[in-house]
Amino acid sequence: MTQIDTPVALGILALFGILWVSFGWWLGRSNRTADDFMLAGRNVGLAMASATAMATWITSNTTLVAPQLTYQFGIWGMIGYSMAALGLILFAPMAQRIKQLMPQGYTCGDFIRIRFGRPAWYVFLVVSFFYAIGWLVSLGMAGGILLQALSGLNYIVGMTTILAVCVAYTLFGGLRAVIATDFIQTLIILVGVLVIAFVCLRDVGLDTIYQSVSVQQPQLLNLLFPAAIMFLFNNIFFGIGEIFHSNVWWSRAFAFRAGIGKRAYLIAGLLWLPIPIVTGFIALAAPALGVFPPSPDMVGPLVAAQLLGDIGAVVVFIVVFAALASSLDSLLAASSDLLTEDIYKGLINPGVSKQKLLIISRRTVLLLGVATWLLCLPRMTTLGALLNFTGAFVASTIWPITFGLFHTRLNGTTAALAMALGTLCGLLAYFQIGFYVAALFSCLTSFLVCGIGLWRSDARFEWRLLTDMERDNTQPGHLEPSNEH
Amino acid sequence: MNINPQAFEWLVYAAVLITCTSPCVLVGLLINDYLKGKLW
Amino acid sequence: MPLRATWLLTSVALFFLAEASWGLTAYPFELQTSTELATEGFLGLSWQPTSGAADDRHISLQVATTPDFKSVFASYNLVQQQQVSLSGLADGDYFARLLDHAQTPVSNIASFRVQHRDLGAAWLLFALGAALFSLLLGILVSLQKRARQNGYLNNNGKLRDPN
């Protein structure tokens, strides 16, 4: 495989690292309050909002796993992966509702705690942290492994650099830096994947791709490919579950200016939709190019390198670095919010002042970065595989959150049971059938539990409890976030 | 039942075309927000 | 399932053949499959040199649908690889071996079967997923409508006057 020289790789890492960190510092210089740091002043405009939602959803997975799934599941794999955009699209009305119900909210944990009470909140935090750690570790490890494969750079050096850069600019700039870098990273990713797709179309051509695949990998073009048919809706529910429950998306709903959340998530979803097809179809060029990947997740980078030579490796390197960073920073910021707001303020020190919260928030980003680094250090593939299980966990939250946001009758016990039993059934399906059904079974079980709960319950939740959550807590010293930037 | 070659082509070309427009949409929105002073 | 029985017999026979030939002529590489039954049409093949001196620079992997390799399905030229991932295979029995640049076999024969999952079961899950998704869509739309009509928040997200 074509590799870039290690000094070149280090140069690119240093260049983008310095760029992101200094940009983060520049953006963060006016952060005064926890609202500024955690939620970018709660006044993010439409362009930034759309781009950040889109960029965060373009993870290293979109650039690596989309080709992998196309290589394994063919046409349905590609389309199924692109359907993950439905998560963003369906979250659009919820983002609006979240902002309306909780104008002073910080995290999805706040919502679950107030709406459903403590038992459901505990279950939710377990699901949330399991997912966040799985995602963080898989991103950190993917960074190290990929940089090593592309440039021969030592795993620990690559992983450490990526993590350090993301922690540094998130620390300096908070969510504002995360969102602004996301905008630029989106543009870099889009241009990168388009360059590779254009060269693939020009040099190989869709006719040749179709012909060679139909001879060597006939099932990939088959619309009646059983496992792929099973995979389709599972991936949709996985995506919806990831977005509905994760504080990454909730914190954005709080941060966006009132009235734009719905449009921003819709635009992001629609623009994201075709990307897995653009990154995925190049995997089908593998047999035509004589590329036989050692493992399915390497098919994307290998085909790109084959198509573009040295330049291809550099393009993949930059795109993957941007994709990793745009997700890693969001996840660091959102998970540290969850730790600060739910664990520190919720469990340890409920009377904490806003100024103290800002300090704690920064420390948590650093701590989380160090924890991720420690978990990535041994390079245990079993840890990276954690993310595969999470489909069972996150899909169980879809119904409790949907009903919780819109329906007054769903009570806390039902929500807790729906999440716990959903996860359990999902895991069972994972081991009995395969990874491509876990989310579906989890979502189905959670729906049945919620249905029974709604039918048997006569509870009535007061929405006002959510709206009023921060009123009593507002400290006199709290500075109003300024809009003049 | 294999996907029709034309349908396959159409799928890929449509995806590439929409992806081409998205940077333009995002930058357009950014300029619009900036001019209205609604960036943040 | 007669087909299955034949396959089992073939595998057992092949296993003993491979074991027997192992003792006589040790191949430079030991070829292994990640699974013997691929229900998704994809699997991994890997090989390790049995002696330190094995030359793995230019190896080709030959995959056939018969154990005598008379009907070769595909050949893959592999440079400095010790594993390869195959995908998109249709139902059937497959046999694989490694050849060196002179087309001499340099590994044991590894066999695997591809048997895709039942299409009926797949459609059932697909229908289940589609129904659940439509339900989610319908419920989201109707809940949102109802929230707008009789929620205590108005369209601008402002609190309605409680009186």
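Biologist: What distance separates the closest C-alpha atoms of chain B and chain C?
Modeller: The closest C-alpha atoms of chain B and chain C lie 12 Å apart, and no contact joins these chains. Contact means heavy atoms within 4.5 Å.

Biologist: Before we go on, what kind of model is this, and how are things numbered?
Modeller: This is a predicted model, in which local features need pLDDT of at least 70 and side-chain atom pairs count only at pLDDT 80 or more, while totals for chains, interfaces and linings use all residues. Residues are numbered from 1 along each chain as its sequence is written, chains are lettered from A and ligands numbered from 1 in the order in which they are written, and side-chain values use heavy atoms, with hydrogens and water left out.

Biologist: Which chains have the most contacts between them?
Modeller: Of the two pairs of chains that touch, chains A and C have the most contacts. There, 53 residues of chain A meet 46 residues of chain C.

Biologist: How much area do chain A and chain C bury?
Modeller: They bury about 4400 Å² between them, with 75% of it on carbon and sulfur atoms. Buried area is the accessible area (1.4 Å probe) that two parts lose on being put together, summed over both. A:F233, A:F292 and A:F406 supply 14% of the area that chain A buries against chain C, more than any other three residues.

Biologist: How many salt bridges and polar contacts cross it?
Modeller: The rule finds zero salt bridges between chain A and chain C, a salt bridge being a side-chain nitrogen of Lys or Arg within 4 Å of a carboxyl oxygen of Asp or Glu. Ten residue pairs are in polar contact, both residues at pLDDT 80 or more. A polar contact is a pair of N or O atoms within 3.5 Å; within protein, one must be able to donate a hydrogen and the other to accept it, and residues adjacent in sequence count only if both atoms are side-chain atoms.

Biologist: And chain B, how many of its residues touch chain A?
Modeller: The contact takes 26 residues from chain B and 45 residues from chain A. These chains bury about 3200 Å² between them, 80% of it on carbon and sulfur atoms. B:F8, B:L26 and B:W40 supply 28% of the area that chain B buries against chain A, more than any other three residues. Here too, the rule finds zero salt bridges.

Biologist: Changing topic, what is the strand order in the sheet of chain C?
Modeller: Five strands form an open sheet in the order β2-β8-β7-β4-β5, with mixed pairing. Strands (E, at least two residues) and helices (H or I, at least four) are DSSP runs numbered from the N terminus, and two strands pair if DSSP finds at least two bridges between them.

Biologist: Which strands run parallel, and which antiparallel?
Modeller: β2(C) and β8(C) run parallel, joined by two bridges, and C:A38 stands opposite C:V114 in β8(C). β7(C) and β8(C) run antiparallel, with five bridges. Five bridges also join β4(C) to β7(C), again antiparallel.
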